[in-house]
Amino acid sequence: MSQPPSITLHVPEGSESDGQEPSPDNERALHTSFHQLILEQSSLIEADLEMELQERSTEPRQGEEHPSHSSASLQILASMPSRTIGRSLGAIISQYCNRTSGRPPLQQLCRAARPSLRHYDLETDPSRATLQEKRHLLVKELLSLSPSQCSHMLLTMPLSLAEKRILRGTGLHRGWEGSVQAPAPLFSPCSSPQGCRGLWYRLLSLLRAAQPGHYALKQIGGRFGSSVLSYFLFLKTLFMLNFFSFFILLAFVVVVQAVYPTASVSPQPFSGVELLTGAGYFTHSLLYYGYYSNTTLNDPCTSTPEGSVCPLPTPLLPYNLPLAYLFSVGVSFLVTCILLVYSVSRSFRESVKSSSGDLAIKVFCVWDFKVIQRRSVKLQCEKICTQLKELLAERRSRSRSQSRCQCLGHYLVVLLAWLLALGWVSGCVLAVHYFLEHMHTGSGRWQQEAILLVLPLVVSLLNALMPHLFNLLAMWEKQDSPVTQVSVAIIRNLILKMVILSLLCYHWLSRSVICSTEECWETCVGQDLYRFMVMDFIFTLLDTLFGELIWRLILEKRLKTKQRPEFDIARNVLELIYGQTLTWLGILFAPLLPAVQMLKLLLLFYIKKTSLMRNCQSPSKPWQASRMSTVFITLLCFPSFLGAAAFLSYTIWSVQPSETCGPFRGLETIYKSGKMWVLVLEKSNPNITWFAWVYQHLLENTCLLFFMSVALIAVIYFNIQVVRGRQRVICLLQEQIVNEGEDKLFLMQKLRSVYEQRGR
């Protein structure tokens, strides 16, 4: 080996002559000179490596069965970026000792955070220093930084874990302990942008950890995979949607009406049956539409026989309760629509990110080295194992092939199964129609509160039994892909529930509900929806008890098997969509119905989680739920939310409200209240006539609403096309990566053959 020539380090003038710390400009020049030194060292190391490779190529090799590469091939391999990291350990340590890379620019650091250049022995030749001396200099440099900056610098160094442990053991821990033992205030303000950013990240992590069910979601994802986890994430999304709707209605309608109550009839005594029927004590309460008044608080206009007189000075701002009721419902639906569109777009992005070709990434790059707790390590191991099972199961299902006869037989079975499913749905609809026609034609005994539960009982019983029959059809079809099996089950259950809800909506709008003369028909519709929600919750609990707990006990005690029932994702997700649809249908007739739905979802989360952990097993066919989460949100947005919005829009624009009760009494339609408010506002203050013009030409303009709807649909369509285009680009890039690897192998083989021919 040739000795490296001596290299003189040029120190800028005035750096230490005046006894003061050098300026940032001089420090930058000094770091540049060190960088030149490192480049020269790297060139010398590459020359030494080339000589070593040439010597190794001339040595005889014995005992090798496989042919050896030539020196040129070895040189090409050694010059690859993946091979050069860690080749010259001293050069890397010198580089990070002198340049202190990985930190912000020196001008952005405060004077105390800059590295002190007095620690360096500038007269010493760094190329001749030993590795131990370079480590010592690097440790001195790291000790001059804060613990967070030191950890970040160690993290960014391209060194092995063993070398980093050596650096940590040479004095970093002792220096940190000395700095920790120094007295410090309990809370210090942000002295730098980095400190403020770290404090903000800590607060975000605390808020994320304080969310209810945060650890439970991790536990479910680790044990049962993303397919079962998608149900609980969907439940959490519904809870947040109901929270926003409930907050808007509570702030602008419920609280105002509670502060200014109406002189209503005396409430009936509470007996406990009202929790099931929603009638009795709850009839004349804030829960239903009929309790709210049509008054205007702080009304400056006084009613006289000649008309209403509105003085010009208005000391207090009037508050129109009917208008607040209407706008609160509209704003809650608008906020829900925005959140749903955002959830759909985010779910599409996540489905694009998740691909089936990342098996190597799951094996080598998915472990989080920041996890140190035993419980978190165990959860992460289970999560990685489940994800690998999902990827392997998806690849295995794609690799299967069938003959033409098998495909034809499978299609015939699927066709017969769909015919049976549609026939069962038709029978359920006829049964519900029969109960609707015969409940209001009976005698007075049908008016009892217990009889009011018959229709919700029948509908909930059909919704609970039919999914099990659909599961029998799925067992007969024998779908290979679990995603296809779940999709078919969701479509069949969705058809059943949507057809029954459409029939019920027609029944409610035709005013065929059972209602007394002193009650609003809107209140009766709200009571019906409350009963449907309560009965759906009861049947969900019974299905969890008998379908999971009792079945597990039968399998373990009687049949003596270790097999447990699986968690039915399609049925449980459709139950959530059904309950949320009932909430959106009843938000106009019962403003506190989102609060009831929130309580129901909160109880369902912990009940389903406990039953899942104790009674269920992991899916027998693991599958990724990234695309199914998109399907869940899409079904919630379009059939459920869009149907409820159409139902309420028709009620507001076309149906006449009750004449004796409610905030819109005496009006032709609920929509007329907005027009009346604009006229009153224009009379009370002529300076805001522009608002009346905006209302008439923008809000009442059907063409504008039509174009806005078309624009929204176009945006959604283009987003879907962009997502599909990105999916194609990702597939092409994955194919290109595979081709690049094959090209590298081909080129290496060609180089080897060429140099072998030259050697001969």
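Once neighbours within four places in sequence are set aside, the contacts of Cys637 are with Leu340, Val344 and Leu642. Although 297 residues separate Cys637 from Leu340 in sequence, their C-alpha atoms are 6.2 Å apart in space.

**View 1. The whole chain, as a setting for the close-ups.** The predicted model has 23 helices and 4 strands in its chain, and of the 760 residues 38% count as buried. Among the contacts with a separation of 6 or more, 76% join residues 24 or more positions apart.

View 2. For residues 698–718 the corresponding content is 90% helix and 0% strand, with end C-alpha atoms 26 Å apart.

**View 3. The packing of helix α15 against helix α17.** Helix α15, residues 454–477, packs with helix α17, residues 521–558, at an angle of about 40°, and their axes are 9 Å apart. The two helices are therefore oblique to each other, and the crossing of α15 and α17 is right-handed. On the α15 side the contact is made by Leu455, Pro456, Leu457, Val459, Ser460, Leu461, Ala464 and His468, while α17 contributes Arg531, Phe532, Met535, Asp536, Phe539 and Asp543. By class, the residues of the contact of α15 with α17 comprise 9 nonpolar, 2 polar and 3 charged.

**View 4. The packing of helix α16 against helix α18.** Helix α16, residues 482–509, and helix α18, residues 569–585, have axes 9 Å apart and pack at an angle of about 25°. Because angles under 35 degrees count as roughly parallel, this description applies to α16 and α18, whose crossing is right-handed. The contact is made by Val486, Ala489, Ile490, Asn493, Leu494, Lys497, Met498, Leu501 and Cys505 of α16, together with Ala570, Leu574, Glu575, Tyr578, Thr581, Leu582 and Leu585 of α18. These residues of the contact of α16 with α18 divide into 12 nonpolar, 2 polar and 2 charged.

View 5. Thr581, which is found in helix α18, is buried, with a relative accessible area of 4%. Apart from neighbours within four places in sequence, Thr581 is in contact with Met498, Leu501 and Ser640; Met498 and Leu501 belong to the α16 side of the contact between α16 and α18.

**View 6. The packing of helix α17 against helix α18.** The axes of α17 and α18 cross at roughly 165° and come within 9 Å, which makes α17 roughly antiparallel to α18. In this pair, α17 passes α18 in a left-handed crossing. The contact is made by Leu529, Phe532, Met533, Asp536, Thr540 and Asp543 of α17 and, from α18, by Arg571, Glu575, Tyr578, Leu582, Thr583 and Leu585. The classes represented in the contact of α17 with α18 are 6 nonpolar, 2 polar and 4 charged residues. Phe532, Asp536 and Asp543 of α17 also take part in the contact with α15, and Glu575, Tyr578, Leu582 and Leu585 of α18 also take part in the contact with α16.

View 7. Tyr530 is found in helix α17 and is buried, with a relative accessible area of 7%. With neighbours within four places in sequence left aside, the residues in contact with Tyr530 are Glu274, Leu275, Leu276, Thr277, Gly278, Phe282, Tyr288, Leu593 and Val596. One of them, Gly278, is 252 residues from Tyr530 in sequence, while the two C-alpha atoms are 6.3 Å apart in space.

**View 8. Val377 in helix α13.** Val377 lies in helix α13, which covers residues 374–399, and at 25% relative accessibility Val377 counts as partly exposed. Between Val377 and Trp367 the separation is 10 residues in sequence and 9.6 Å in space, C-alpha to C-alpha.

How values were computed: Residues numbered from 1 in each chain as written. Predicted model: local features only at pLDDT ≥ 70, side-chain atom pairs only at ≥ 80, totals over all residues. Heavy atoms only, no water. Axes fitted to C-alpha atoms, helices over the stretch in contact; angles between N-to-C directions. Parallel < 35°, antiparallel > 145°, perpendicular 65-115°, else oblique. Left-handed = near helix turned anticlockwise from the far one by under 90°. Contact = heavy atoms within 4.5 Å. Nonpolar A, V, L, I, M, F, W, Y, C, P; charged D, E, K, R; others polar. Buried < 20%, exposed > 50% of the residue type's maximum accessible area, 1.4 Å probe, protein only.
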